[in-house]
Amino acid sequence: MDLKKTFSAVQYASRKLLALNDEKINQILLAVADAAEERTEFILAENRKDLERMDISNPKYDRLKLTAERLKGIADDIRKVAKLPSPIGRVQKQGVMPNGLKIKRISVPFGVIGIIYEARPNVSFDVFSLCLKSGNACLLKGGSDADFSNRAIVHVIHSVLEKFHVDTHTVELLPADREATTELLNAIGYVDLIIPRGGKQLIDFVRHN
């Protein structure tokens, strides 16, 4: 498996995000929140495909399960993110050197953020909204248990990005296998930050690799 083309496309999309102002970003986030509710039946139908593959007694089952109520909560959370002040361009520190040189430390996006997570499809919406708000593109590496759900969610997000003429590579879902995880962890020069979202075993795996 060679994901370099995908990594390169996401990196390119991250650079184009610099042209978006906070108003446009918030409009996209609100549209994604609306789409999450409008496409509830589609998302739940795909989520059921994942649920059918999992034993109901599995502790992951409830984390994996989406409902109309949960999707409404997810949409409300995205709207809350849209209301947050932009973290981009904040002056965090400034001063004047003895020679008169003025120095400022200003917050900027990382660029491309990779997120590795398990059977929680809501994370796909959460990560996208936080990354876009902070001007970052994201690579999603979800678990195989939630693959149908994650693909449905990313499809909905892509449809909104297309309406706003924003590069859909702003968010990409990687294959659900372990090989893709290895490639992501070794995507030096393409990915600026990797965040594991899950239990100690996952966090330790990412740290060690």
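A salt bridge is a side-chain nitrogen of Lys or Arg within 4 Å of a carboxyl oxygen of Asp or Glu. The model is predicted, so local features need pLDDT of at least 70 and side-chain atom pairs count only at pLDDT 80 or more, while totals for chains, interfaces and linings use all residues. Residues are numbered from 1 along each chain as its sequence is written, and side-chain values use heavy atoms, with hydrogens and water left out.

**Exercise 1.** Describe the salt bridge of D167 and K16.

Step 1. The two side chains meet at 3.0 Å, N to O.
Step 2. D167 is in the loop between α7 (147–163) and β5 (171–173), and K16 is in helix α1 (residues 4–16), 151 residues apart. Helices (H or I, at least four residues) and strands (E, at least two) are DSSP runs, numbered from the N terminus.
Step 3. D167 is buried at 17% relative accessible area, whereas K16 is partly exposed at 38%. Buried means under 20% relative accessible area, exposed over 50%, and partly exposed in between (1.4 Å probe, protein chains only).

**Exercise 2.** Which parts does the salt bridge of K133 and D22 tie together?

Step 1. The N to O distance of this salt bridge is 3.3 Å.
Step 2. K133 lies in helix α6 (residues 122–133) and D22 in helix α2 (residues 22–38), so the pair ties together parts 111 residues apart in sequence.
Step 3. K133 is buried, at 4%; D22 is partly exposed, at 27%.

**Exercise 3.** How many salt bridges does a search of the whole structure find, and which residues are joined into one network?

Step 1. The search finds 14.
Step 2. Salt bridges with shared partners join D34, E37, K72, D76 and R79 into one network.
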